[in-house]
Amino acid sequence: MPHDDIAGRGTQDPTAGRVATKERTETPAADPASSGLDTLAGARYSTNEADDLRSLEAGLDRLQTDDARGTNAWRTFTTSVLPPIIFVVVLIAAWQVYVWIVQPRPDIVPSPISVVTAISDAWQSDRLQTAVLTSLERGVFGFLIAVVVGTPLGLLLAEVKPLRRAIGPIISGLQVLPSVAWVPAAILWFGLTDATVYFVVLMGATPSIINGLISGVEQVPPQLRRVGTVLGAGPARLATLVVLPAALPGYVAGLKQGWAFSWRSLMAAEIIATGGTIGFGLGSMLDQSRELADLAGVLATILVILAIGILIELVFFAPLERRMLRRRGLLQGGTK
Amino acid sequence: MSGQAAIRIEQLGKRFGAGPLVLDDVNLSIESGEFVCLLGASGCGKSTLLNLIAGLDRPTTGAIDVPAEGAAVMFQESALMPWLTARQNVELALRLRGVARTARRAEALELLDTVNLADAAEKRPHELSGGMRQRVALARALAQDRPVLLMDEPFAALDAITRDLLHEELERVWRRTGRTIVFVTHNVREAARLGQRVVLLSSRPGRVAGEWRIAETSGRRIESPEVAALSIEITEQLRKEIRRNAA
């Protein structure tokens with residue numbers, strides 16, 4: 001039906017055009033007069049044709065674009081939320097069944113129930129809340145410091161080529177270095193204080209953030225910069241209005257990885273560096289349970305650490321990333 | 001149309017580094033409000049010439065005079081900012097031109113309406129078809145409000161139906177706004193369909209190898225007999241120029 005429409009207009013229009021041409025060639029006139037007539041005829045031509053063109057274009061636009069399909073909440077639930085939940089439930093069930101049938105020594109394989117009991121014990125004694133709050137506060141604060149340090153450094157390295165050639169490989173190397181390696185040095189420098197923990201977190205997270213920003217800026221299509229220049233943007237506005245927004249996907253990926261590294265580094269630091277003025281975090285709680293040979297407590301703490309990592313990813317980074325990618329058309333549908 | 005020259009190119013030469021001459025002794029005078037198509041085979045330096053006019057590059061020899069306000073440029077790829085809606089893309093051009101924040105929205109919508117895209121103002125580039133994206137790019141180029149509009153094969157990547165419509169759209173916009181348009185293409189029919197003047201460039205090095213002026217420009221279609229006749233004539237000359245490279 002819409003195809004017929006286009007074909008119909010297509011055959012109609014050339015004749016209309018030709019008639020108009022003939023009309024004008026038949027009027028013999030001096031140059032200035034004809035140019036006046038020309039604009040008059042041109043005006044009539046454009047109002048008639050403009051409406052025609054408008055509807056034609058509207059039709060073609062409709063044919064060439066799909067209406068965005070709304071995301072089905074139930075479908076999202078069944079395809080991306082349900083499978084991991086089912087998997088975890090099956091895993092725990094298998095674990096419990098194993099404990100029932102084999103009946104291993106509880107100090108080597110505790111049952112899921114005893115792990116849950118360990119968590120609730122820690123909760124009732126307030127140790128869990130203190131540990132989670134202390135660790136979260138340090139993790140988030142350390143990560144924010146890493147963002148504040150890493151972002152300008154990343155921008156500087158991305159925009160100044162000689163600097164990047166000199167420092168870039170070292171930053172990439174630092175990303176490979178396990179941040180636990182900094183713990184002994186940090187203890188010698190800062191003693192058993194919070195500064196040690198923050199230093200390790202900083203060294204863990206900053207390289208990821210810098211690298212993410214650099215790769216984001218590198219992946220900015222050159223034509224976007226060119227357009228920015230053509231539109232009249234100087235270096236400063238080119239950076240803020242074109243390059244930075246275009247580099248956002250790489251930057252967010254770097255932030256996400258930076259958070260993961262922060263959290264890991266923090267746990268490593270808390271497990272190794274205990275005592276002194278360092279408060280009681282999840283890592284310290286883990287170490288304490290190990291000293292008491294309380295495997296259920298160790299497993300419980302591991303689960304809490306894992307859960308917090310996943311929770312921050314799910315609640316904060318995943319929606320941020322998904323929204324950004326969908327806006328740019330880099331993510332189709334969202335359920336795949 | 002007898003305006004003063006909007007663009008004057010004199011004895012222009014361009015080579016990149018120590019490479020071969022890309023453009024050699026190009027002389028061209030483009031009047032204000034004129035629609036000129038620059039036509040040539042690959043390697044004739046059409047895009048180089050356009051970049052020189054746009055001020056994105058400097059000539060090796062010779063001189064180019066362009067209006068002090070500069071020129072707006074439209075490329076083959078629409079190069080819209082993917083994180084901005086159609087309206088925001090146009091508003092970006094307005095912002096960089098120095099239009100006050102309060103006036104931007106209305107002006108952007110008006111410009112989008114000029115290219116029949118008022119309904120798609122809040123869509124993002126990935127939600128638009130190729131033809132719609134090029135129309136947003138055209139609206140953005142118009143937003144710059146420069147007297148000269150340079151177009152580098154803007155419709156080359158589009159399908160024939162869409163391209164045909166965009167020819168009409170561009171012609172309408174040109175008549176309405178009175179812009180000087182320099183349109184680079186390697187499509188002979190497109191040049192014969194759109195231009196008031198078609199300038200043929202030879203290849204390696206690029207020189208002006210022929211010029212055709214079209215007296216009657218309204219009511220032309222890609223399938224019009226006069227367009228076909230002119231295309232045959234230009235193609236003949238173009239093939240002669242290409243054949244010279246075989247020797």
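User: Over how many bridges do E1(B) and strand E4 (residues 61–65) of chain B pair in the antiparallel sense?

Analyst: This is a predicted model, in which local features need pLDDT of at least 70 and side-chain atom pairs count only at pLDDT 80 or more, while totals for chains, interfaces and linings use all residues, and side-chain values use heavy atoms, with hydrogens and water left out. Residues are numbered from 1 along each chain as its sequence is written, with chains lettered from A and ligands numbered from 1 in the order in which they are written. Strands (E, at least two residues) and helices (H or I, at least four residues) are DSSP runs, numbered from the N terminus, and two strands pair if DSSP finds at least two bridges between them. For E1(B) and E4(B), which pair in the antiparallel sense, the number of bridges is four.

User: Which residue of E4(B) stands opposite Glu10(B)?

Analyst: The pairing with E4(B) can be followed at individual residues, one of them being Gly13(B), whose bridge partner is Thr61(B). Glu10(B) likewise has a residue of E4(B) opposite, and that residue is Ala63(B).

User: Which residue in the hairpin of E1(B) and E2(B) takes a positive phi near 60 degrees?

Analyst: Strand E1 (residues 5–15) and strand E2 (residues 21–31) of chain B run antiparallel and are joined by seven bridges, with Arg15(B) standing opposite Leu21(B). Between the two strands lie five residues. In this hairpin, the residue with a positive phi near 60 degrees is Gly17(B).

User: Why is one side of each of E2 and E4 of chain B left without a neighbour in the sheet?

Analyst: The open sheet of three strands has antiparallel pairing and the order E2-E1-E4 (chain B). E2 and E4 of chain B stand at its edges, so one side of each is left without a neighbour, each having a single partner strand.

User: In what order do the six strands of the open sheet with mixed pairing stand?

Analyst: The edge strands here are strand E5 (71–74) and strand E9 (208–213) of chain B, each pairing on one side only. Within the sheet, strand E6 (residues 148–152) and strand E7 (residues 180–185) of chain B pair in the parallel sense over five bridges, and Asp152(B) stands opposite Val184(B). The order in chain B is E5-E6-E7-E3-E8-E9.

User: At about what angle does H1(B) run to E1(B)?

Analyst: Angles run from 0 to 180 degrees between N-to-C directions, and axes are lines fitted to C-alpha atoms, for helices over the stretch in contact, where contact means heavy atoms within 4.5 Å. Helix H1 (residues 46–54) of chain B packs on the sheet of six strands, and its direction makes about 155 degrees with that of E6(B). H1(B) also lies across E1, E2 and E4 of chain B, and its angle to E1(B) is about 125 degrees.

User: About how much area do chain A and chain B bury between them?

Analyst: In this interface, 35 residues of chain A are in contact with 45 residues of chain B. Buried area is the accessible area (1.4 Å probe) that two parts lose on being put together, summed over both. With 59% of it on carbon and sulfur atoms, the area that chain A and chain B bury is about 4,000 Å².

User: Which residue of chain A meets Arg135(B) in a salt bridge?

Analyst: A salt bridge is a side-chain nitrogen of Lys or Arg within 4 Å of a carboxyl oxygen of Asp or Glu, and across the interface of chain A and chain B the rule finds three. Among them, Arg226(A) and Glu77(B) meet at 3.6 Å, N to O. The pair of Arg135(B) crosses between chains, from helix H4 (residues 130–143) of chain B to helix H2 of chain A. At 2.8 Å, N to O, the partner of Arg135(B) is Asp61(A).
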